[in-house]
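Let's take a friendly walk through a protein model, one feature at a time. Have the sequence and the 3D view ready as you read.

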Amino acid sequence: MSKIFCIRDFDLPEYNLTRRDLLKAGAVSAAAAAAMTHSGPLGASELKTTPPPAMTPVTLKVNGKEHRLEVDTRTTLLDALRENLHLTGTKKGCDHGQCGACTVIVNGRRLNSCLTLAVMQDGAEVTTIEGLGTPDNLHPMQAAFIKHDGYQCGYCTPGQICSSVAVLKEIEDGIPSHVTLDLVSPAQPTQEEIRERMSGNICRCGAYSNILAAIEDVSGGQKS
């Protein structure tokens, strides 16, 4: 019959190893293993360096003025506007196309500038909040936002205004939305249409009713 051994059957040396000593030994072993992993075997060549960014020329017509830039191919339109052209009115919010704070107008249509690369918009005409109006000569939509208190903290306001201007142009051009029922008759700037089309612009302060009032004010008067 086979004999079942247990640890008591062997003469083992006594170890005076404390928990602290065990943790130290484990840390040293892990560090040594990590060093070997990153440095490679003995005699390996030097560590690889990150290659320089790929730069490319881009021409953008922003707010009526042509700009020739040299940008990293990974640069978004948002970062090109803010970092290269220093037009900081366009805000970086979520940087994932979910909040609408970075909305600008590209070739007449609104666009989340964080979701497109600058090289993809080579030759495009871009309008930012700085190009809509000035403090001395406000765009009607800017004036309506002030009149109806369509902002609170103001961070999302540039994107809200750019989107609002483009929304009224979409309705004027007869472009339908998800809630448009009659695809034959001209679209109308109803509250349902405006809410649906502006749903991609988030206002964390909750000034939606005032924003709606501002857009209705402009749509009932001067067409954008």
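Helix 7 has 13 residues and spans 18 Å from its first C-alpha to its last, close to the 18 Å expected at 1.5 Å a residue. That expected span is 1.5 Å times one less than the number of residues in the helix. Helices here are DSSP runs of H or I with at least four residues, strands are runs of E with at least two, and both are numbered from the N terminus.

This is a predicted model, in which local features need pLDDT of at least 70 and side-chain atom pairs count only at pLDDT 80 or more, while totals for chains, interfaces and linings use all residues. Residues are numbered from 1 along each chain as its sequence is written, and side-chain values use heavy atoms, with hydrogens and water left out.

Which residues of helix 7 are buried? They are Ile-211, Leu-212, Ala-214, Ile-215, Val-218 and Ser-219; buried means under 20% relative accessible area, exposed over 50%, and partly exposed in between (1.4 Å probe, protein chains only). These residues lie on the same side of helix 7 because they cover an arc of only 160 degrees around the axis, taken from the directions from the helix axis to the C-beta atoms. On the other side of helix 7, Ser-209 and Gly-220 are exposed. The cover over the buried residues includes helix 4, helix 5 and helix 6 (191–197), where contact means heavy atoms within 4.5 Å.

## Nonpolar cores

In soluble globular proteins, nonpolar side chains tend to be buried together. A nonpolar core is a set of buried Ala, Val, Leu, Ile, Met, Phe, Trp, Tyr and Cys residues joined through side-chain atoms within 4.5 Å. The largest one here has 23 residues, and Leu-132, Met-141, Phe-145, Ile-161 and Ile-215 have the most contacts inside it. At least two residues of this core come from each of helix 3 (129–132), helix 4 (140–147), helix 5 (157–172) and helix 7 (208–220). Helix 5 gives the most, with 6 residues. Apart from this core lies another, of 15 residues, including Val-58, Leu-69, Leu-77 and Ala-80.

## A hairpin

Strand 3 (residues 103–106) and strand 4 (residues 109–112) pair in the antiparallel sense over 4 bridges; two strands pair if DSSP finds at least two bridges between them. Ile-105 stands opposite Arg-110 in strand 4. The two strands form a hairpin with 2 residues between them, and Asn-107 in the turn has a positive phi of about 50 degrees.
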